[in-house]
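Hi everyone, thanks for coming. Let me put the model up on the screen and then walk you through a few places in it.

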Amino acid sequence: MISRDEIRRTYDTIRPWIRRTPVVQVDLSELDPAGTGLPVATLKLEQLQCAGSFKARGAFANLLLRDVPPAGVVAASGGNHGVAVAYAASRVGSGGEQSGVPARIFVPTVSAPAKVARIRQLGADLVVTGERYGDALAAAQDWAESSGAMSVHAFDQRETLLGQGTLGLELAGQADQLDTVLVPVGGGGLIGGIAAWFAGRARVIGVEPDGAPTLTRARAEGRPADAPAEGVAADALAPRRIGELVFPITQAYVEDVVLVDDASILAAQRALWQAARIAAEPAASVGIAALLTGAYKPAPGEHVAVVISGANMAPAQLEPRAG
């Protein structure tokens, strides 16, 4: 478990390196012409974060709270975590006159081309290997052992959880009388950090693609367990199983998890752009999909916040489909 005091201290450490992303109020009925009765929600626009996603928080927490060896850092990622680690490594000095630390990022073939290109642009040593996140993780672990590089885990690392928890700290200060937070779930670093911050002070609801139900499967079995890893958000929300450090936090502080299908995710992504001009990748759109489809139905007067977690994608994804 991680504490609120630890999250506060982590925020003080990483605050000079990250952005305090804004919140906006959006009438969701404007996103769906047939959606009469949909609520007004507070959207936390974390896609405006450094490196394009919330992952920058955990990346900087690792590099600033831990001792980075001369061999630098290594990470496995579906895309966003790799971008964030590459970005943080390029910004954090490793001592003396040297700027930046060496970074090697392993990604699977399922990773979005826009994310792969961004990692390369940031100067990291990029290795594409295997079909899924688990393949890249195994390769990254081998490299850490052979090179002495520090492994920066995408979600199952204490410092990563502390960094992601700072999003909850910010949101709590930006949204008055918040009742519920809808959070995308992949490996669970984001929901684990946010749930640890709120610690029962607001309901935390996880939202997963039905093709990658990692937390749903873990809750059903009472422990982290393998789940399918498919769907339109597979590069960001399909690590196969929830983190071992994450799961006890979710057991204590996550009230429920809901599932949304690929069609609903893509519809929510397009609606966010077309009606509100909010750019979000599919994984970042799952909370909106849950509200538009009724997978999560707020009570009358319930103040709901939705985390829009990232926007590392090709702009063409936002355009309406022909026909």
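Residues are numbered from 1 along each chain as its sequence is written, and side-chain values use heavy atoms, with hydrogens and water left out.

The chain has a mean pLDDT of 91, and 92% of its residues reach 70 or more; pLDDT is the predictor's confidence in each residue, from 0 to 100. Over residues 94-98, though, pLDDT stays under 50, and the model has 3 contacts there beyond four places in sequence. By contact I mean heavy atoms within 4.5 Å. Where pLDDT is low, the predicted coordinates should not be read in detail.

Now, where does A154 lie? A154 is in the loop between β6 (150-151) and α6 (158-174). Helices here are DSSP runs of H or I with at least four residues, strands are runs of E with at least two, and both are numbered from the N terminus. A154 is buried, at a relative accessible area of 5%; buried means under 20%, with a 1.4 Å probe and protein chains only. Leaving out residues up to four places away in sequence, A154 touches K55, A76, H81, Y133, T160 and Q164. The C-alpha atoms of A154 and A59 are 8.3 Å apart, although 95 residues separate them along the chain.

As for α6 itself, 14 of its 17 residues are buried.

On to α11 (residues 262-276). After α11 comes R277, with a positive phi near 55 degrees.

Last, a helix pair: α8 (residues 214-221) and α10 (residues 246-253) pack at about 75 degrees, with axes 11 Å apart. Axes are lines fitted to C-alpha atoms over the stretch in contact, and angles run from 0 to 180 degrees between N-to-C directions. So α8 is roughly perpendicular to α10, a label for angles of 65 to 115 degrees. L215, A218 and R219 in α8 meet F247, T250 and Q251 in α10.

Conventions: Predicted model: local features only at pLDDT ≥ 70, side-chain atom pairs only at ≥ 80, totals over all residues. Parallel < 35°, antiparallel > 145°, perpendicular 65-115°, else oblique. Buried < 20%, exposed > 50% of the residue type's maximum accessible area, 1.4 Å probe, protein only.
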